[in-house]
Amino acid sequence: MAALQIKPAQLKKLFTYGGVRTMAAAAQGKKNIVLVEGVRTPFLMSGTDYNKMMPHDLARESLLGLVRKVGCEPSDIDYVTIGTVIQEVKTSNIAREAMLGAGFSDRTPAHTVTMACISSNAAIATSVGLIQAGVYDTCVAGGVEFMSDIPIRHSRQMRALMLRANRAKTMGQRLGLLASIRPSFFTPELPGIAEFSTGEVMGHSADRLAAAFCVSKAEQDEFATRSHRCAMDARDKGFLCDVVPVKVPGKEVLVEQDNGIRITPPEKMAAMKPAFIKPHGSVTAANSSFLTDGASACLITTEEKAKQMGWKPKAYLREMTFVSQDPKDQLLLGPTYATPRVLEKAGLKPKDIDVWEFHEAFAGQILANFKAMDSDYFAKSQMGRSAKVGAPPMEKFNNWGGSLSIGHPFGATGVRLAMHAAHRLIQEDGKLALIAACAAGGQGVGMIVERYPGAKL
Amino acid sequence: MLNKCTRFFSKVLTKNLVLISEKRRETHLFVLLRRELPTGWLRLLFIIKLFIMSIRAASALRHFSHSLLLPSRFGPAASWRLFATTNPAAANQHVKLEKQGDVAILRLDSPGKVNVLNQPVMEEMAEAMKAVQADPSVNAAVLISSKPGNFIAGADISMLERVQSVEEGQALSKACQDLLDEMEASKKPFVSAIMGTALGGGLEVAMATHYRVAVKGKASLGVPEVLLGLLPGGGGTQRLPRLTSVPNALDMALTGKMVKADKAKKLGLVDALVNPLGPGLKDPDTRTLEYLEEVAVKTASQLASGKLKPKREKGMMDKVMNFALKYDYPKNFVFNKARAQVMKQTNGLYPAPLKILDVIRAGVDGGFKKGLEAECRGFGELAVTPECRGLIGLFHGQTECKKNRFGKPQHKAQKLAVLGAGLMGAGIAQVSVDKGMQCILKDMNTKGLARGINQVEAGIKKKVKRRAITSFQGEQYMSNLIPTITYEGFDKADMVIEAVFEDLAIKHKVLQATEEVIPEHCIFASNTSALPITKIAAVSKRPEKVIGMHYFSPVDKMQLLEIITTDKTSKDTAASAVDVGLRQGKVVITVKDGPGFYTTRILAPMLAENIRVLQEGASPKDLDRLTKNYGWPVGMATLADEVGLDVAMHVSADLGAVFGERFSGGNVEVIKEMVEAGFMGRKSGKGMYLYPKDTKERPINEGALEILKKYSLAPRGLSSDADIQLRLVARFVNEAVLCLQEGILASPVEGDIGAVFGLGFPPFTGGPFRFVDRIGAGQLVKAMERFAAVYGVGFEPCQLLRDQAASGAKFYPAK
C-alpha cells in the first residue's frame with residue numbers, strides 16, 4: 001500500500017539514475033526481467049570448421065556453454081526456446097533435440113521459433129512473455145543457424161513420384177512409375193533464398209534500397225571496413241567474452257574465435273564486382289554479411305529469481321517491439337520503424353541511449369536505415385510520423401563490430417546483439433542500449449536493454 | 001537406378017556448393033547457387049532444350065494475335081491513353097540540353113502530360129544533336145524524359161490527322177527517318193534511358209540510339225501503329241527485325257502489342273535493365289528516374305571510352321532463324337505463313353498489317369535502305385486510308401469513354417457485392433477482385449457458389465500462368481473475394497450488382513431483400529441485357545440509388561460496360577457506377593433507360609434481318625462468311641448461337657411488342673421452333689451449328705436447316721452479297737441513329753464505342769456513326785429506300801438520318 005502513496009514526482013526521482021530515467025517494470029505492474037548471461041559459439045563462415053557437424057550440435061554447444069558459464073544445473077531451466085531459419089528436416093524442433101543432447105532434463109519442454117533474421121529475438125520475446133505471464137521463472141532463449149548444409153529437395157514431381165513409389169505393389173506398377181520419370185524431375189529445389197511474396201533476393205532488395213537512399217558504394221565499403229576494424233579491436237582487447245570455444249569432433253584444435261573478421265584493402269574492396277545487380281549495383285560480397293554457422297543462447301529470469309539463485313544478471317530486458325512493413329521496397333527498414341516506436345514505448349529520447357546495437361545485414365542497408373531515420377520526408381510520407389527520429393551517433397554504434405564482420409547465423413544473431421548491448425553497457429559505462437534488426441518478410445525488432453546495477457563482464 | 005541418379009546429382013551439386021563456399025567471400029553463395037546451377041546434367045538438358053527450340057523456330061509465328069480483329073485487341077486502356085494528343089508548343093520547350101562530365105543529357109519534357117513526337121520536338125532534337133556533335137568535350141549523350149510515366153508516348157496524333165495526301169504522309173515519315181538515321185550515324189554514342197512508355201515513334205527513337213537502358217517493370221515498349229491503321233514510319237519496321245528477329249518483329253508490328261522491359265531485354269530490344277526503387281529520400285518514381293539517369297550517364301561514358309561494349313548475343317533460335325532467312329525457301333515460308341495468318345484474322349480488310357509485312361519483307365530482301373524507302377511509301381499510303389481514319393476515331397472515342405463524365409462520386413465504392421454466382425456474376429466479381437476491390441459473391445446455394453468461385457479462380461490462375469501477375473498477387477486477389485450464401489456482410493457494401501436470372505419477378509424479389517440489409521448510401525445495380533431498369537426500380541424504396549450495369553459476356557474479356565440511368569437515378573449514383581466500371585478496366589458508355597437500352601436494341605432488328613436472310617436460302621455458313629467478310633469479328637449465325645437463340649427469342653418478342661413492325665424481319669416462328677427443338681445455341685450444344693464436346697468441328701445443324709426450309713421465302717432480288725451485307729448493317733445503323741435521335745444516347749461517340757466494343761461492329765469503320773459519315777447519310781438513305789420498297793417499314797430511315805442526308809451534316813464535323 002505504501003507504494004501507492006508515492007507521488008509521481010517522487011516516483012520519477014526514485015527511478016532516476018545517472019541523469020536518465022530508469023524504467024522499473026514494477027511501476028507498470030510488470031516483473032523485472034533480467035538477462036543473466038549469454039554465450040555463443042564462435043561464428044564461422046559456412047563451409048569451414050563446422051562443416052561436418054549438424055545444426056543441433058552447434059545449438060547444444062551453446063546450451064552447454066551457457067549453463068557452465070552461469071554455473072547452474074540444467075534442471076534449473078524451466079523452458080527452452082530456440083530460433084532458427086533454414087530448418088534441418090531431421091530436427092525440425094531443434095530446440096528439443098539440442099537440449100536433450102546437452103543433458104538437460106527430459107522433463108523440460110522446448111520449442112523452436114522462426115522469424116527470419118530476428119528468430120532469436122523472437123525466442124527472447126517468447127521467454128519474456130512466458131515469464132511475464134507467470135508460466136515459468138527461468139527460460140533459455142537461443143538461436144542457431146547452419147548454412148554449411150541446407151536441405152535441398154527433390155522437385156515436386158519427383159517427390160510425388162517417390163511417394164507413389166511407396167505405394168506401388170507390383171513390379172509392373174514400379175516399372176510404370178520408372179517410365180514416367182522425365183529429365184526435368186531431376187532439377188533440385190533449393191530452400192527459398194528469395195522472398196516468397198515478392199520473388200526478390202534480399203541482396204537485390206538491399207541494392208535497390210541503397211540506391212533509393214542515395215547510398216554510394218564508397219560509403220558502403222567504408223562502413224563495412226569500420227565494422228571489421230571494430231570487431232577486430234574488440235576481439236583483440238578480449239571484449240567478445242560471450243564466445244565459448246567449441247571442440248569440433250575430429251579436429252586437432254579448439255575453435256576459439258570468429259573467422260570472418262578481416263580487413264580488406266580499400267582498393268580491393270573498391271574493385272569488387274556487384275553481387276546482385278549487375279553491372280551497376282553497389283552491394284558487393286565485401287560489404288554484405290556472409291553465410292555463417294553459429295549458435296547462441298542466453299538465460300532469462302526474473303530479478304527475484306536471480307537473487308534467489310545467486311546469479312549475477314548483466315542487464316534488464318525492458319521494452320520491446322516487433323514491426324513489419326512492405327516486404328518489397330522496405331524489406332530491410334526494420335530498424336527505422338522499430339527505433340522510434342520502442343523509444344516511445346519506453347518514454348525515452350534517442351539521446352538517452354548510450355549503446356546502439358543494430359544487426360548489419362548489408363552495409364548499404366544500415367546506411368539506408370540511417371538516412372531514413374534522418375529524413376523528415378520519409379518519417380512523414382511513409383511512417384506517418386510528425387518528424388524524424390534521427391540517426392544514431394556513430395561513436396555509440398556497433399562499436400564491437402556487427403554482422404558484417406562477426407558473421408550472421410540468421411537464427412543466432414538476436415542473442416548476440418543482446419549480449420553485445422549488455423556487455424558494451426558495462427564496458428562503456430552506459431545505462432541504456434537499443435537493439436534493432438531487420439528481417440526477411442519486411443519485419444523488424446527493437447529492444448531496450450538496461451544495465452544491471454553492479455553487472456560485470 | 002532412380003535413386004542413384006538423384007543421389008549422384010545432389011552429390012555433384014553439394015560438392016560444388018562446398019567448393020564455392022570455401023572460396024569465401026569472393027561472392028555470395030546465394031548468387032553462385034543460381035549461377036552454377038546449369039552444371040553437368042543441367043547444362044546438357046539446357047542444350048537439348050535449346051535444340052528443340054530451334055527446331056520449333058518456324059512455328060514461332062503462332063504467337064500472332066488471334067484476335068487482331070476483335071475489339072479486345074484494342075488493347076489495355078494504357079496503350080491508348082499513350083497516343084494522347086498535345087497542343088503544339090512554342091520552340092525550345094521540348095528538349096533541354098545539359099552536360100554531366102563528358103556526357104550530354106537530352107532531356108525530353110514537352111509541356112503537358114506526355115511527350116509525343118511531332119515537328120517541333122524533332123526540330124529541337126536535331127538542334128540538340130548538332131550541339132552534341134559540335135562540343136568536343138562531349139563524348140556521348142543520354143536521351144531521357146523528365147516524365148516518369150513516359151519516355152515518348154508515340155507520334156502526335158493530331159499531326160497524323162492533319163495529313164491530307166500520300167505525299168504529306170511520306171514527308172512526315174522521311175523527316176523522322178532522316179533524323180534517326182543521323183542519330184544512328186553519330187560517332188558519339190547515344191543512350192536511351194527509358195522509363196514509362198516508349199511506343200511507336202518513341203520506340204523508334206530509342207531503337208536508333210546505340211544502347212537502351214530501361215526500368216524493369218516500369219517501361220513498356222511497342223509499335224502499336226497497326227492499331228491505328230498505320231505502320232511504324234520512323235525506321236521502326238527496319239530496326240525492329242535487326243535488333244530482335246524477323247518473327248519477333250512481325251509479331252510486335254502486326255499485333256501492336258506492348259512488351260515490358262524484361263521481355264524487351266530477352267528480345268534484344270533493350271540492352272540493360274535498371275530496377276525500380278521504393279520510397280527513399282524522395283518519392284519512388286522521381287528517385288527511380290534519377291537513378292536511371294545515373295546509370296545511363298555512366299553507361300554512355302563507358303560506351304564512349306570503349307570500356308563497355310554492347311553485348312547483343314542472339315539466342316540459338318534467333319541465330320537459326322537469321323541464318324535460314326538468307327534463303328528464299330524459309331523466307332517465303334515465314335512471310336507466307338504470316339500473311340496467311342493476317343488474312344485469316346482480318347479477311348484482308350485492314351491494309352496496315354499487309355503493308356507492314358511488305359515493308360519488313362522489302363528490308364529483308366533489299367537491305368536497310370530499300371526497306372526505309374518502302375516504309376516511307378507505305379506510311380504515306382496508309383495515312384490517308386479510311387481505315388486509318390476510322391481507327392483513329394475509335395481511339396479518340398475509347399479515350400473519351402475512359403473518363404467519368406459525371407465527375408467524382410461522393411463515396412468511392414470499395415466493397416462490392418454481386419448477387420448470383422453464374423457466368424456473369426462470377427465474371428463481374430473477377431474483374432473487381434483483381435483490381436483490388438473487395439467483393440462479396442452471393443449465390444442461393446453452395447453448389448452454384450462453388451462454380452462461381454472456380455470461375456474466378458481459373459481466371460486469376462490464367463493470369464498467373466501468363467505471368468501477368470505473380471502467384472502471390474493471385475493469392476491476394478482471391479482473398480478479396482468473399483463468398484457467401486447469406487446476406488451477411490451486405491450491411492457494409494457500397495454497391496450491390498445483381499446478376500440473377502433475367503426475370504422481372506425474381507429481380508424484384510432480390511431488390512427488396514437486398515434493400516432490407518444494405519446501408520443507406522449503397523447503390524443497387526442491375527446487370528440485365530433487356531429488362532427496363534425503370535420497371536426493376538419500381539419496387540425500390542430509393543429509386544435514385546438504382547441503376548443498370550449491362551456487362552458483356554465473357555466479362556473478363558469484353559471491354560464494354562453499358563450503364564443505364566432512369567429518370568430517377570441520381571447523378572451521384574451514375575458517377576459511382578461509372579467509377580466502378582472504369583476501375584474494373586471497362587470502357588463505359590452511359591445511356592438512358594428504354595427497351596433494350598442501346599446495344600440490345602440495335603442488335604435486335606439486325607438479328608431479325610438475319611433470320612430473313614436465312615429463310616431466303618442462305619445457309620448459316622454463307623451468312624457467317626458474308627458478315628465476316630464485311631468486318632464483323634464473329635459471323636452473324638455464330639453470334640446468334642453465342643447469344644443464345646432463346647435469349648434472342650425473348651428479346652425480339654419483348655422489343656417487337658414495343659417497337660412493332662419496325663423490328664420485323666424473318667418469321668418469329670423460326671426461332672420459336674428452333675428453341676422448342678432444343679436448338680438454343682452453344683449452351684445447349686445445338687443451334688445453327690452443332691457443338692460436339694470433344695472436337696472443335698462445328699458442323700451445321702441439319703435440324704435447324706429443316707426448320708429454315710419449312711419457312712423458306714423466295715428471295716426478292718436483294719440477295720447479292722453486297723445487298724445482304726448492307727441490309728444487315730443498315731438496320732443496325734439506322735436503329736443506332738434513332739437512339740441518338742431519341743436521346744437514349746448522349747453522343748455519337750458513345751454510340752460508336754458501344755457498337756464496336758459490345759457488338760463487334762466492324763472496328764475499322766470507327767463505329768456506326770463514323771460509318772454513316774464515311775459513306776454519307778445520303779447514300780445510306782438511298783439504299784434503305786431501295787430495301788424499304790421491297791421489305792417495308794423495317795428499312796424506313798429515321799428522321800435524324802434523313803435530316804443528315806438532306807443537310808449533308810456529319811456526326812463528327814471536321815475540326
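1. Starting with chain B: it has 34 helices and 16 strands, taken as DSSP runs numbered from the N terminus (H or I of at least four residues for helices, E of at least two for strands). Keep in mind that this is a predicted model, where local features need pLDDT of at least 70, side-chain atom pairs count only at pLDDT 80 or more, and totals for chains, interfaces and linings use all residues. Side-chain values use heavy atoms, with hydrogens and water left out.

2. On burial, 56% of the 815 residues of chain B count as buried; buried is under 20% relative accessible area, exposed over 50%, partly exposed in between (1.4 Å probe, protein chains only). As for contacts (heavy atoms within 4.5 Å), 75% of those in chain B with a separation of 6 or more are between residues 24 or more positions apart.

3. The largest nonpolar core has 93 residues, and B:Tyr598 and B:Phe732 have the most contacts inside it. A core here is a set of buried Ala, Val, Leu, Ile, Met, Phe, Trp, Tyr and Cys residues joined through side-chain atoms within 4.5 Å. Helix α30 of chain B (residues 721–742) gives this core its largest share, 11 residues. Apart from it lies another core, of 76 residues, including B:Leu160 and B:Ile356.

4. What does B:Phe732 touch, leaving aside neighbours within four places in sequence? Its partners are B:Ile602, B:Leu603, B:Met606, B:Trp632, B:Ala755, B:Leu759, B:Phe761 and B:Pro768.

5. Next, a helix pair: the axes of α9 (residues 236–243) and α16 (residues 368–383), both of chain B, come within 8 Å and cross at roughly 140°. Axes are lines fitted to C-alpha atoms, for helices over the stretch in contact, with angles from 0 to 180 degrees between N-to-C directions. So α9(B) and α16(B) are oblique to each other, given that under 35 degrees is roughly parallel, over 145 roughly antiparallel, 65 to 115 roughly perpendicular and the rest oblique. Among the residues making the contact are B:Arg239 and B:Arg242 of α9(B) and B:Phe368 and B:Glu375 of α16(B).

6. B:His396 sits in helix α17 (residues 386–400) of chain B. With 23% relative accessibility, B:His396 counts as partly exposed. B:His396 and B:Lys319 are 77 residues apart in sequence and 41 Å apart in space, C-alpha to C-alpha.

7. For chain A, an unreviewed UniProt entry lists "domain: Thiolase N-terminal" over residues 33–304; such annotations may be inferred rather than shown by experiment. Over residues 33–304 of chain A the chain is 36% helix and 14% strand, with the end C-alpha atoms 9 Å apart.

Definitions and conventions. Residues are numbered from 1 along each chain as its sequence is written. Chains are lettered from A and ligands numbered from 1 in the order in which they are written.
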